[in-house]
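Student: Before I read anything into the helix packing here, could you take me through the reasoning behind the terms, one step at a time?

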Amino acid sequence: MSRDCCAPEEGVEPRKPTPAGSRAAHGLDGEDDEHDEHDHGGSEEVVSWWRDRHLLLPIASGVLLAGGYVLEWSGVDLPATIVLAVSLLAGAATFVPGAVKRLLHRRLGVGLLMTIAAAGAVLLGHIGEAAALAFLFSIAEALEDRAMDKARNGLRALLSLIPETATVSKLSGETTVPASELRVLDILVIRPGDRVATDGIVVSGRSSIDASAITGESIPVEVGPGDPVPAGSMNGGGSIQLEATADGRDNSLTKIVELVEQANARKGERARLADRIAKPLVPAVLILAGLIILFGFIVGDPLLWTERALVVLVAASPCALAIAVPVTVISAIGAASRFGVIIKSGEAFEQLGAVELVVFDKTGTLTRGRPEVVTVEAVDDDQRDRVLAIAAGLESHSTHPLATAIVTASPDPAALVDVTEEPGRGITGTLHGQTARVGSPRWIGPGAFGERAASLEEQGMTVVVVELGGKVVGILGIRDELKPEAADTIRQLAAVGVDTAMLTGDNARTARALARQAGITEMHAELLPGDKASAIQTYSATRRTAMIGDGINDAPALAAADVGIAMGVSGSDVAIESASVAFTGNDLRLIPAALLHARRGRRIMTGNIVLSLAIIVALFPLALLGVLGLAGVVLVHEIAEVVVILNGVRAARRPRSRMPQG
């Protein structure tokens, strides 16, 4: 990873994501690869340490260093000096070329400080100390690279869930094609034990699907005609056919990897704090070292103070600070992706760990998202089918979950033209020259159906009013059951000090009934998309707020929240783009798991920053006063750096329970 403490300011366009296993992919600071001090090229695998040439060079430097010290203690001076010099060259080869290259581009990094310190030590005759510096710095760099690669490699392993080939059903029979060549509407044949190559909808057959590696939901799900199946799922004991809803190269699983890799190019609050501290520190240290040398000439002892300047140069180097946050963020985001939480930036991760209030959308988030038409009311009983047909004809142009329920309930939807949708209100169209509308009772007054509509709402149903030619011809009662884990999730959030609220465009009676079942005491109903965004802005003014939704109507609120969370990566593209976090599954118990994971990551990042600064503060006076020499300072600094790396890697651990039970 690059140790550039003078990275571009926020706002520089991030690089196109590079393979996760590549050492050149360490782009948390937004640098170009050509300026990377440790641009090793890249393998997409983390190889064993004894085959990693980038680790073997520092190891060779350490072995030679030990041998040189043994020879030196044995009194064999010339061979000892030669061995120590070779040790120095082996260690310096890992960072000096990059430091020089960066300097030519007028960029300063910690590698430059180490290069100057090593060169100065050699000029002063301290080859052993210079070799020790080169070895310890190079081994710390190599360990950091491996930690970063390991964190990324777990994410890339998700792509191995997609099989290389898929069986497609065509008029000429079944044929095997590369998974990358699959296209939307292809019919995939999925046999027992097969992996699903791309997202699809079951068109025939029944089976159970294990999507635990993608969604974090460990219990296999029964699927049949009409049910969605995500890419990478494992089929159970039945044969099914899927109609592909995504290309082989662009499905929910590849989207997960893309979103998380993009997160590596964006920084959070603590990352920016570390940058703000580290960026001016490198030139300040160089200036300070120069002043110390100048002081030596003034007092008449330039040799002593030049040595002190070199030690100060190393003591004040922000090595650990430069990596205090990135290694933690990458480890934590990668771990979250493996239990079904996709965090799109370091900033989103840090915000998630500070959430005090979680606001839920109702439909499809707190509820199952599979509403059903329970009752149809019309002026005359024999007109119920016509009322349903008109509603279905209009709703067939909408993607709202209620629309799906209405269309599913009607065997023969009416054919309407000039259809337009008003989000949060309803849909308008033309049927045989008459204007037809379907929508909420707030948009279309229920008229003579007022009392019946109120009764249905008291029963927890959503009421849809159907109008033709300016006259209300009927109403529909639709019920969407609360998710079974909703109440448990609300209890878990309360247990960790997180408040909850609910926003919905539904009527107040239905909203109150569902909120009461879930255990939510604060709710706002009958809201348009813009109203939801305004409510979120009000909440965010006093508390760090997360908004959870899954549809187009939720997009403004998701964008307005401190943390927008989209339920289901295969859901609404608008919602996913507006959100900063996405869940690959739909189990609400991922929410407390994600919050606890992010809180732990924030604590680790804070600890790393404090430790890094404490090392600099403690070593500086010891170096300036000559209490510690170059070797001692280098040793303390690099041990601290390894500690920071190991502490950051702890963020890769999953929560103790993926979906903690109440």
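Tutor: Let us start with the word contact, which means heavy atoms within 4.5 Å. This is a predicted model, and in it Thr328, Val329, Ala332, Ala335 and Ala336 of helix H11 meet His597, Gly601, Ile604, Met605 and Asn608 of helix H22. By class, that contact has six nonpolar, four polar and no charged residues.

Student: Why are H11 and H22 called roughly antiparallel to each other?

Tutor: Helix H11 (residues 326–338) and helix H22 (residues 590–624) pack at an angle of about 165°, with their axes 10 Å apart. Angles over 145 degrees count as roughly antiparallel, and H11 and H22 are therefore described in that way. The crossing of H11 and H22 is right-handed.

Student: What makes leucine 136 count as buried?

Tutor: Buried means under 20% relative accessible area, and leucine 136, at 15% relative accessibility, therefore counts as buried. Leucine 136 has its place in helix H5 (residues 127–156), and, leaving aside its neighbours within four places in sequence, it is in contact with Val634, Leu635 and Glu638. The C-alpha atoms of leucine 136 and valine 642 are separated by 9.9 Å, although these residues lie 506 residues apart along the chain.

Student: How do you know that the span of helix H2 agrees with what it should be?

Tutor: The expected span is 1.5 Å times one less than the number of residues, so the 16 residues of helix H2 (residues 77–92) should span 22 Å, and its end C-alpha atoms are 22 Å apart, which agrees. The buried residues of H2 include Ala80, Val83, Leu84, Ser87 and Leu88.

Definitions and conventions
Residues numbered from 1 in each chain as written. Predicted model: local features only at pLDDT ≥ 70, side-chain atom pairs only at ≥ 80, totals over all residues. Heavy atoms only, no water. Axes fitted to C-alpha atoms, helices over the stretch in contact; angles between N-to-C directions. Helix = DSSP H or I, 4+ residues; strand = E, 2+ residues; numbered from the N terminus. Parallel < 35°, antiparallel > 145°, perpendicular 65-115°, else oblique. Left-handed = near helix turned anticlockwise from the far one by under 90°. Nonpolar A, V, L, I, M, F, W, Y, C, P; charged D, E, K, R; others polar. Buried < 20%, exposed > 50% of the residue type's maximum accessible area, 1.4 Å probe, protein only.
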